[in-house]
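Hi everyone, thanks for coming. Please have a look at the model on the screen, and then I'll walk you through it.

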Amino acid sequence: MAVVAPLLALLYSVPGLCRWLVRPYYPLSALLATAFLLVRKVPPLCQGLPSQREDGNPCDFDWREVEILMFLSAIVMMKNRRSITVEQHIGNIFMFSKVANAILFFRLDIRMGLLYLTLCIVFLMTCKPPLYMGPEYIKYFSDKTIDEELDRDKRVTWIVEFFANWSSECQSFAPIFADLSLKYNCSGLHFGKVDVGRYTDVSTRSGGRWPGQQGLCWAESPGVPPPAPSSCLGVTAILSGSCRRYKVSTSPLTKQLPTLILFQGGIETMRRPQIDKKGRAVSWTFSEENVIREFNLNELYQKAKKQSKPREEGPEEPPGVQAAAGHPNGETKKDK
């Protein structure tokens, strides 16, 4: 069994590995991640390299290079403890291997270090990680449609992901969120996504609601008190969408991407990761188990199906059947 189990796991992952190999991002990343190993170990390339070994063999690692490679292995193992998907594991290996390669090349020869660093920058600018394009039952919102859709039917519960395509965490979470949408989507529980990297107004939008006034809203400004309700009566419909708080930081160093928000009755009732009093995101692991448990998806799904039965004209199709038909009433990935 000790031999059969790894072989079965390898055979199961062959289709996924084949899909990765046909995308230039992964083969080129693997080539950059192993560049120093190839230069140091391949005889035609290593013959002219300097060596600090006592025997003067330029095709073997010296003691300092071995230390750096061992340290790289320890860092990768520590970082991969929090990884959820295979893409996250491989992404960590590629990223830290490139850092170690840069250090090793600079230590060997500054010219080789500058050349390797230039290749990494060109690769980063020209080759982007492939986006998830698998089946899903998710509606994509823009800055103009999210408020309208949340207000369309208050009986519908929405789970909306705020994401950015440049975020590696968002890319790793994409297949998990898609799988959840296939399992739990029904007429009373919908899944949506907003690209805050593209629609920046959504991530910075904020506002407030007057106590006791359900339909009157005001746009929040620092240091400016809310206006009197009577002064806003004429523009209630225009500002009604600004009553929600979508505040999601899009900084390159942010810990708020992705952000999942649960909307019930058009109002935010829960979000992950949570934000503390200092405005910092509380660390949270975006695994399928955590999302199901924290958002009570099983309970929400059962309640949504019971509420939707009286207004359904026919039996509800399974989520997988609906997903095969595309993205009804929303943008497809091509439209987006």
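So, what share of the contacts in the chain with a separation of 6 or more comes from residues 24 or more positions apart? It's 64%, where contact means heavy atoms within 4.5 Å.

Quick housekeeping before we go on. This is a predicted model, so local features need pLDDT of at least 70 and side-chain atom pairs count only at pLDDT 80 or more, while totals for chains, interfaces and linings use all residues. Residues are numbered from 1 along each chain as its sequence is written, and side-chain values use heavy atoms, with hydrogens and water left out.

Okay, the overview. The chain has 14 helices and seven strands; these are DSSP runs, H or I of at least four residues for helices and E of at least two for strands, numbered from the N terminus. There are 336 residues, and 40% of them count as buried. Buried is under 20% relative accessible area, exposed is over 50%, and partly exposed is in between, with a 1.4 Å probe and protein chains only. The accessible surface is about 19,700 Å², and carbon and sulfur atoms hold 62% of that. Those areas come from the Shrake-Rupley method with a 1.4 Å probe, and for residues only the protein chains shown count as cover.

Now the inside. The largest nonpolar core has 42 residues, and Phe162, Leu189 and Leu297 have the most contacts inside it. By core I mean buried Ala, Val, Leu, Ile, Met, Phe, Trp, Tyr and Cys residues joined through side-chain atoms within 4.5 Å. Several elements each supply at least two residues, among them β1 (139–141), β2 (157–163), β3 (189–195) and α13 (297–308). The top contributor is α9, with six residues. If you click on Phe162, its contacts beyond four places in sequence include Ile146, Val194, Tyr246, Leu257 and Ile261. There's also a second, separate core of 26 residues, including Tyr25, Phe36, Ala102 and Phe105.

Let's look at one helix. Which residues of α2 (residues 25–33) are buried? They are Tyr25, Tyr26, Ser29, Leu32 and Ala33. Down the axis of α2 they fall within an arc of 125°, so they line one face of the helix; that arc is taken from the directions from the helix axis to the C-beta atoms. As background, an α-helix has 3.6 residues a turn, so residues three or four places apart point the same way.

Next, someone always asks about charged residues inside. Glu161 is in strand β2, and Glu161 is buried, with a relative accessible area of 0%. Beyond four places in sequence, Glu161 touches residues including Cys170, Phe173, Lys193 and Pro258.

And how many salt bridges does a search of the whole structure find? It finds 16, counting a side-chain nitrogen of Lys or Arg within 4 Å of a carboxyl oxygen of Asp or Glu. In one of them, Asp60 meets Lys41 at 3.0 Å, N to O. Asp60 is in the loop between α4 (43–46) and α5 (63–80) and Lys41 is in helix α3 (residues 35–41), so this pair ties together parts 19 residues apart in sequence. Another is Lys139 with Glu149, at 2.8 Å, N to O. That one links strand β1 to helix α8, 10 residues apart, and both Lys139 and Glu149 are buried.

On the outside, there's a nonpolar surface patch made of Phe106, Ile110, Leu114, Leu117, Ile121, Leu124 and Met125, with about 700 Å² of accessible area together. A patch takes residues with over 30% relative accessible area and no salt bridge, joining like charges within 9 Å and nonpolar side chains (Val, Leu, Ile, Met, Phe, Trp, Tyr) within 5 Å. Helix α7 (residues 110–126) gives the largest share, six residues. Leu114, for one, is partly exposed at 45%.

Last stop, the backbone. Most residues other than glycine have a negative phi, and most peptide bonds are trans. Here, the Leu257 to Pro258 bond is cis, with omega near -5°, and Pro258 sits in the loop between α11 (236–239) and β6. The bond from Arg272 to Pro273 is cis too, with omega near 5°. Finally, Asn296 has a positive phi, near 50°, and Asn296 lies in the loop between α12 and α13.
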